[in-house]
Amino acid sequence: MGRSQKRKQESLSFWKESAAKSARKDDDEPYPSHARPTPEECRSVRDDLLALHGFPQQFEKYRRLRLRLAPLSHASSPAIDGNGGAPVESNPSDGDDKYGLSQRESVLDGLVSVVLSQNTTDVNSQRAFTSLKSAFPTWEDVLAADSKSVEDAIRCGGLAVTKASCIKKMLSCLLERKGKLCLEYLRDLSVDEVKTELSHFKGIGPKTVACVLMFHLQRDDFPVDTHVIQIGKAIGWVPAVADRKKAYLHLNRRIPDELKFDLNCLLFTHGKLCHACTLKGPN
């Protein structure tokens with residue numbers, strides 16, 4: 001069995017297992033005796049990180065989009081001042097032009113942007129996405145282009161060969177399965193259905209799917225990257241032996257839905273800025 005086929009099967013197997021577990025009782029949770037984090041701990045850490053960093057500007061447009069699309073669904077997660085972390089009263093549509101929300105980003109745009117963000121900086125991934133869209137205005141153009149041209153367009157984001165191959169294979173699979181290059185139908189699916197759909201695409205792993213769910217479909221999911229799992233272990237939210245897949249299942253079960261977005265963005269940002277937290281443990 002080829003390496004890529006094996007990864008695809010592992011990803012599909014993981015999401016099927018995840019969907020099955022979400023329908024079972026709590027005693028099937030990967031760490032049933034690990035009663036952390038509590039909702040109170042989640043809220044406390046969220047508030048402490050907001051006071052320390054403010055809300056990260058790189059995620060502000062996604063937060064505003066969530067507030068605009070469902071302003072009443074997260075009553076305990078108020079609008080936040082990005083500079084100081086203090087809750088403020090605001091119109092969810094205020095600042096749409098400033099944050100690029102006047103024109104809604106497509107789900108396919110979002111998926112490709114997440115792929116391009118892997119193993120690089122935010123600045124470089126955004127440059128790569130802008131360069132790709134400039135060179136190929138439509139996803140049909142990307143699919144029709146030779147691989148070398150796509151690689152050249154995204155080279156500034158790093159891992160150009162791997163990412164170009166992933167994007168083109170994903171587009172080809174999408175066209176074959178749906179007859180057009182569009183993922184907007186995912187907006188009408190459940191979280192588990194979205195996971196199953198995206199698992200069909202080679203190179204699209206669990207973390208990428210979780211990021212699409214949280215940022216581009218405005219669902220309550222909690223991606224687990226290196227920063228999140230390191231801090232989670234350091235403060236005792238997941239066992240020290242936890243791998244990323246089990247940490248994902250555990251944290252998504254323990255963290256209240258209304259806190260997942262803010263807390264994830266803040267833990268990711270804190271992990272990049274404060275390496276001491278992963279070195280000093282619970283302190």
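Which residues of the largest nonpolar core touch the most other members? The legends below begin with this core. The model shown is predicted: local features need pLDDT of at least 70, side-chain atom pairs count only at pLDDT 80 or more, and totals for chains, interfaces and linings use all residues. Residues are numbered from 1 along each chain as its sequence is written, and side-chain values use heavy atoms, with hydrogens and water left out.

**Figure 1. The largest nonpolar core, with Leu-108 among its members.** Of the 67 residues in this core, Leu-108, Val-112, Leu-132, Trp-139 and Leu-198 touch the most other members. Helix H8 (residues 160–178) gives the most to the core, with eight residues. A nonpolar core is a set of buried Ala, Val, Leu, Ile, Met, Phe, Trp, Tyr and Cys residues joined through side-chain atoms within 4.5 Å. Buried means under 20% relative accessible area, exposed means over 50%, and partly exposed lies in between (1.4 Å probe, protein chains only). Helices are DSSP runs (H or I, at least four residues), numbered from the N terminus. Not counting residues up to four places away in sequence, Leu-108 touches Trp-139, Met-170, Leu-171, Leu-174, Leu-181, Cys-182, Leu-183 and Glu-184. Contact here means heavy atoms within 4.5 Å.

**Figure 2. Val-194 in helix H9.** This helix comprises residues 191–198. Val-194 counts as buried because its relative accessibility is 0%. When neighbours within four places in sequence are left aside, Val-194 is in contact with Leu-186, Leu-189, Leu-213 and Leu-217. The C-alpha atoms of Val-194 and Leu-213 are separated by 7.9 Å, although these residues are 19 residues apart along the chain.

**Figure 3. Asp-225 in the loop between helices H10 and H11.** Helix H10 spans 206–216 and helix H11 spans 226–234. Asp-225 is buried yet has no salt bridge, a term for a side-chain nitrogen of Lys or Arg within 4 Å of a carboxyl oxygen of Asp or Glu. The nearest side chain of opposite charge, Lys-207, is 5.3 Å away; Lys and Arg count as positive and Asp and Glu as negative, while His and the chain ends are not counted. The side chain of Asp-225 reaches the backbone nitrogen of His-227 at 3.3 Å, and a polar atom of that side chain lies 2.9 Å from the backbone nitrogen of Val-228. Apart from neighbours within four places in sequence, Asp-225 is in contact with Lys-207, Arg-244 and Phe-268.

**Figure 4. Asn-252 in helix H12.** Helix H12 covers residues 244–254. Asn-252 is buried, because its relative accessible area is 15%. A polar atom of the Asn-252 side chain lies 3.0 Å from the backbone nitrogen of Phe-222. Residues touched by Asn-252, not counting those up to four places away in sequence, are Asp-220, Asp-221, Phe-222 and Lys-260.

**Figure 5. Backbone geometry at Pro-37, Asn-119 and Leu-159.** The peptide bond from Arg-36 to Pro-37 is cis, with omega near 0 degrees. Pro-37 is placed in the loop between helix H1 (3–22) and helix H2 (39–53). Asn-119 has a positive phi of about 55 degrees although it is not a glycine. The loop that holds Asn-119 runs between helix H4 (107–116) and helix H5 (122–135), and Asn-119 is exposed, with a relative accessible area of 70%. Leu-159, also not a glycine, has a positive phi of about 50 degrees. Leu-159 lies in the loop between helix H7 (147–154) and H8, and counts as partly exposed at 46% relative accessibility.

How values were computed: Helices (H or I, at least four residues) and strands (E, at least two) are DSSP runs, numbered from the N terminus. A polar contact is a pair of N or O atoms within 3.5 Å; within protein, one must be able to donate a hydrogen and the other to accept it, and residues adjacent in sequence count only if both atoms are side-chain atoms.
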